[in-house]
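Let's take a walk through a protein model together, one stop at a time.

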Amino acid sequence: MPSKKPAGKAGAGPAVETAYLNTDSGPASAPARAARHPASKRAAAVDAAAAAMPHNAGKAAEYGEEAARCPYTGATVPAADPSAGASSLSESAASEKTNGPAEPGVNAAGGRLERVRADASGQALTTNQGVRVSDNQHSLKAGLRGPALLKDFVLREKVTHFDHERIPERIVHARGSAAHGYFECQRALTDLTAAAPFAEKGKRTPVFVRFSTVAGERGSKDTARDVRGFAVKFYTDEGNWDLVGNNMPVFFIQDAMKFPDLVHAVKPEPHHGMPQAASAHDTFWDFVSLMPESTHMLMWLMSDRAIPRSYRMMQGFGVHTFRFVNAKGESRLVKFHWNPVLGTHSQVWDEAVKVSGADPDFHRRDLWEAIDAGNGPQWELGVQVFTEEEADQFSFDVLDATKIVPEELVPVVPVGRLVLDRNPDNFFAETEQVAFCAAHVVPGLDFTNDPLLAGRIHSYVDTQISRLGGPNFHEIPINAPLAPVQNNQRDGMHRQAIHRGRVAYEPNSLAGGCPFQAGMEGFVSFPEPAAGDELRGHPEKFAEHYNQAALFYASQAGWERGHIASAFAFELSKVTVPAIRRRMVASLRNVSDELAQAVAQGLGMELPDPLPRAIEDPPRPEVEVSPSLSLTARPGDGGIATRKVAILVAEGVDAKAVSAVADALIGAGATVRLVGQRIGPLAAEGGQALDADGSLDNQPSALFDGAVVPGGEAAVERLRADGRALEFLRDAFRHGKTLMGMGEGKQLFAAAGIEPDEADGGLLLVDGAPAKSAPMFIEALARHRHPERETSPPAV
């Protein structure tokens, strides 16, 4: 029976504490008003406010001539807690860019975001001109049944604004998620660079970071097999620096001239607009099979790197080789690496497909919930620094974006940390309107002659002008620098700055010569010598396409290599032109015959001859195996913070076991959900009440990192008769999740066809007390995944 306890009444609620952290569903009962967790307090306040307005009390007063002449004042309910009206629980995390939350009732439309934060608490509705709106229910008409009048400026403004509430989406990286935070320098780099973020140990620079998929449109799914964007905007005290990278250190092409071709090939095919957010189709594989320089990137794309468990659990890279320039004008080459504290973890393909159906916003929700719960992600920034002379000795060209510099040649040196601790207040104003540009650098940083980077320097600015409506996109608050802006640029669409005086040129005398050029205190380009004939081409080193693809494949664990082969076979199975399949498999023979044979077998085709190489005598690579390229090299900090665990419950479940395991997991930082046959209250063993905040329908196993089946004979019998529960365990097992059956709960695994296996460290079938079992489960969960149980085809 549903609980009749009044919403918000103090007392112990039947739902677990972390149930109120979720954004996709929740318990049937509100938390107690005495709850201390910020998420629970907010949930209680929101529920209380909603309960205070059980219906629209003014609805009856909207009809008739008297009501038309004397409109009513809308009802309001004061918030029981300030968080009830907040965009995010993380709004108290402040930086120089974000500052604090909006003051109640204040719309305070530089670069500091409090200028444009708005909170309508206790305020009357107005037009965009500040005129109070007397009636927001009806258009102005000539009589109650008469025609609408053209002079209804309130209606026209409201509808016109609505008609223009969307802006063109990005051509690539359209679907994104973002957060505020800071970069903390942990090692001064003044000997290498004059760049402001690295000026001194302990210095913090505000940042805004956006993660994204590349191929899909704004409304596509999060878990597509794709590259992930990793773009960081540093609001430095010397201007904005945008490090616009990806979660893979290389790219498909070597020259910006080919970028439109690449994107046209991977996007939905123009004749029928399919497929969305997927590379498994004819045009993409036609293109890359004819571009052997793409092979290295394809290895990364077909690996588990392309389906990360979370944005918080993937690496980031600057991709290109950049320059550090110190105060003396001395230059070193540099590559940037972001390494997540939580480790690099992934999904398996079947899991990602099922996640996309259950929650297309999986990565976006994961990032938001983690930050709101106070578990904001962190990355270590590492740099590879080397000289031009050292680069000249490599067998590859560091200006080739399809190549990495192996860590065995140049170690990655940690220099700082990135912390994300605040969610945006408004998705459109911040995440959607943020404009990253590869051209944005500050003194101490400069470009190299990478031909792909050269195109990006132009393309990003050009794209933002089109997307954001003109050249003044830098004045949008999320894009505005903290450093003061003084120049002679004027006018254009959406100009906000109101400049004093009559001078907008330099040199001048009427304004005392201001603003004046800064000389050596400003940005000075590194004087790299430039000499040679004007040609269209690439250096000879660019012609070697397979050494590093082979390096990546050889560096993977056995199960990772299996996933790569399966991914190639799946993607190419979607290709309708056999010749394209043959061409791609022929190219893979130059990487690994083992890989090519596995892919050919998966496609039911003969192994073709190797594709001719672009260079007859390729150089011998310096490094043939690099352990750091495997996911297994980056397990993370060994904890289970933010991991999601399902406890399967039904009528008659052992409530004591549920409580003990939930408390242990929550104490270790995990998020626990009680997943039942339906959401809502249920009677546990002994009559104790529990509140299931998820169901087998709305929370399938793919959304969790692990699952526990407690004892309770009646509960297990109910779950054994429910095919959804058996499928829950089968999927979790096949996806390598950590699983535990306790007491009678072991019977559910047997019913699902999952047998005990002492070699499987992630399958715990126990009879002991929860106090002993929970630590075992936590230790196994910290491994993230148990690939040793994988078979092809799956045994379960």
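Our first stop is H784, a buried residue, because its relative accessible area is 6%, and buried means under 20%. You can find H784 in the segment after helix 20, which spans 770-781. The backbone at H784 deserves a look as well: its phi is near 75 degrees, a positive value in a residue that is not glycine. Please keep in mind that what you are looking at is a predicted model.

Now zoom out to the whole chain. How many helices and strands does the secondary structure of the protein chain come to? There are 20 helices and 18 strands. The radius of gyration of the protein chain is 29 Å, close to the 28 Å that the globule rule gives for 796 residues, so the chain is as compact as a globular protein of that length. If you draw a box around the C-alpha atoms along the principal axes, the box comes to roughly 85 × 80 × 55 Å.

What about the surface? The accessible surface of the protein chain is about 36500 Å², and carbon and sulfur atoms account for 53% of it. Of the 796 residues, 50% count as buried. The chain also carries 80 positive and 100 negative charges. The mean position of the positive charges and that of the negative charges lie 6 Å apart.

Next, consider the cysteines. A disulfide is counted when two cysteine sulfur atoms lie within 2.5 Å of each other, and by this rule the count is zero. Are C185 and C437 buried or exposed? C185 counts as buried because its relative accessibility is 1%, and C437 counts as buried because its value is 0%.

Let's turn to a stretch that has a label in a database. The UniProt annotation, from an unreviewed entry, gives "domain: Catalase core" for residues 126-514.

Where can you find cis peptide bonds? One joins M274 and P275, with omega about -5 degrees. P275 sits in the loop between helix 4 (259-266) and helix 5 (282-289). Another cis bond runs from E506 to P507, and its omega is near 10 degrees. P507 belongs to the loop between helix 11 (451-467) and helix 12 (547-554).

The loop between helix 11 and helix 12 also holds D491. D491 is not a glycine, yet its phi is positive, at about 60 degrees. Is D491 buried or exposed? D491 counts as exposed because its relative accessibility is 56%, and the cut-off for exposed is over 50%. Compare this with H784 from our first stop, which has a positive phi too but is buried.

Our last stop is helix 8, made of residues 362-372. This helix is mostly covered, with nine of its 11 residues buried. Among the buried residues of helix 8 are F362, H363, R365, D366 and L367. Further along helix 8, E369, A370, I371 and D372 are buried as well. After helix 8 comes G374, a residue with a positive phi near 85 degrees.

Notes:
Residues are numbered from 1 along each chain as its sequence is written. This is a predicted model: local features need pLDDT of at least 70, side-chain atom pairs count only at pLDDT 80 or more; totals for chains, interfaces and linings use all residues. Side-chain values use heavy atoms; hydrogens and water are left out. Helices (H or I, at least four residues) and strands (E, at least two) are DSSP runs, numbered from the N terminus. The radius of gyration is taken over C-alpha atoms; the globule rule is 2.2 Å times the number of residues to the power 0.38. Buried means under 20% relative accessible area, exposed over 50%, partly exposed in between (1.4 Å probe, protein chains only). Accessible areas come from the Shrake-Rupley method with a 1.4 Å probe; for residues, only the protein chains shown count as cover. Lys and Arg count as positive and Asp and Glu as negative; His and the chain ends are not counted. The place of a charge is taken as NZ of Lys, CZ of Arg, CG of Asp or CD of Glu. UniProt positions are given in the numbering used here, feature names are shortened, and annotations may be inferred rather than shown by experiment.
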